[in-house]
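Take a moment with the sequence and the model below. A short walk through some of the contacts and strands follows it.

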There are 2 protein chains.
Amino acid sequence: MVDILHRIGIKASLDQVYEALSTRDGLAAWWTQDTTGESQIGSALRFRFLQGRGGFDMKVLELQPAKSVLWEVVDGPAEWIGTTVRWELKQEGDYAIILFYHQGWKEPVEFMHHCSTKWAIFLMSLKSLLETGQGTPDPNDVKIDNWN
Amino acid sequence: MVDILHRIGIKASLDQVYEALSTRDGLAAWWTQDTTGESQIGSALRFRFLQGRGGFDMKVLELQPAKSVLWEVVDGPAEWIGTTVRWELKQEGDYAIILFYHQGWKEPVEFMHHCSTKWAIFLMSLKSLLETGQGTPDPNDVKIDNWN
């Protein structure tokens, strides 16, 4: 088992960060504009990218306001299914800190390298959204390689 | 053992990418301006950040033109010592692809989360350097959190 880990600090409140991670509108403003479904325990969120050519369905497992969000990937690329995406929030000085975990990858395949870098890009989009009012969700996301 | 993995694609030649990874001037143009030492097998490169308040010494273990670079961390933060940083290059269409590995972390500590995100930022600086002529090495690097 191998994991993707990241950390960012955002000059915003924990409540603002939590809202961007736990509501459809929040998620659509930094990850992908094509976000549908319900952010409720047991429901699924559907994230689509590249004009619908790819994406992930996430079952919401945990929603703790201002503290944590946990999803399980229930549909998407084979490498993603069964993995979990966890967000832990805490305050440090002026910053809301996010500890990010995409856990449960079976093998460190080349696609995992790509996703690790791309997660960092989207975390910076989230930071930008909350600090400047403007994120860069798909299809306006920063491109990193020939896979997008 | 846990690893940091990344992947980027750069519209440049493998030789250009290799030069940016295997020469002091190349490294200083995207990672940190305060880069000293020699990029030769068995020698050490010294990378300093935050006006000299932190940094890493890397022993150069492997230099394969247009193909790979391997360093071992011989001085720096305790969590980094003994870890290795590996760069693998390959061509795919118009892109020089980099597969990046920072391997041998003993524990997935919070500092590893930070370094994972920060490596992505510096890889994007490398991409920018080669595609636009302008990188953002320390002290002009993009800040990600309260640790910088």
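This is a predicted model: local features need pLDDT of at least 70, side-chain atom pairs count only at pLDDT 80 or more; totals for chains, interfaces and linings use all residues.

Begin at the contact between chain B and chain A. Chain B brings 30 residues to it, and chain A brings 30 residues as well. How much area is buried there? The size of an interface is often given as the accessible area that is lost when the parts come together. Between chain B and chain A, that area is about 2,400 Å². Carbon and sulfur atoms give 56% of it. On the side of chain B, the residues that lose the most area to chain A are Leu5(B), Arg7(B) and His113(B). Together they make up 29% of what that side buries.

In one salt bridge, the side chain of Asp145(B) meets that of Arg7(A), at 2.8 Å from N to O.

Which elements of chain B give two or more residues to the side that touches chain A? They are strand S1 (2–10), strand S6 (84–92), strand S7 (95–105) and helix H3 (110–132). H3(B) gives the most, with 10 residues. By type, the residues on this side of chain B divide into 15 nonpolar, 7 polar and 8 charged.

Now look at a single residue. Asn148(B) lies in the segment after H3 of chain B. Is Asn148(B) buried or exposed? Its relative accessibility is 17%, so Asn148(B) counts as buried; the cut-off for buried is under 20%. Setting aside residues up to four places away in sequence, Asn148(B) touches Leu50(B), His114(B), Lys118(B), Asp141(B), Val142(B) and Lys143(B).

Finally, move to the strands of chain A. Strand S5 (residues 68–75) and strand S6 (residues 84–92) of chain A run antiparallel, joined by 5 bridges. Follow Ser68(A) across, and Glu88(A) in S6(A) stands opposite. S6(A) also pairs with strand S7 (residues 95–105) of chain A, again in the antiparallel sense, over 9 bridges. Here Arg86(A) has Tyr101(A) in S7(A) as its bridge partner. S6(A) and S7(A) form a hairpin, with 2 residues between them. In the turn, Gly93(A) has a positive phi of about 60°.

Definitions and conventions
Residues are numbered from 1 along each chain as its sequence is written. Chains are lettered from A and ligands numbered from 1 in the order in which they are written. Side-chain values use heavy atoms; hydrogens and water are left out. Contact means heavy atoms within 4.5 Å. Buried area is the accessible area (1.4 Å probe) that two parts lose on being put together, summed over both. A salt bridge is a side-chain nitrogen of Lys or Arg within 4 Å of a carboxyl oxygen of Asp or Glu. Helices (H or I, at least four residues) and strands (E, at least two) are DSSP runs, numbered from the N terminus. Ala, Val, Leu, Ile, Met, Phe, Trp, Tyr, Cys and Pro count as nonpolar, Asp, Glu, Lys and Arg as charged, and the others, Gly among them, as polar. Buried means under 20% relative accessible area, exposed over 50%, partly exposed in between (1.4 Å probe, protein chains only). Two strands pair if DSSP finds at least two bridges between them.
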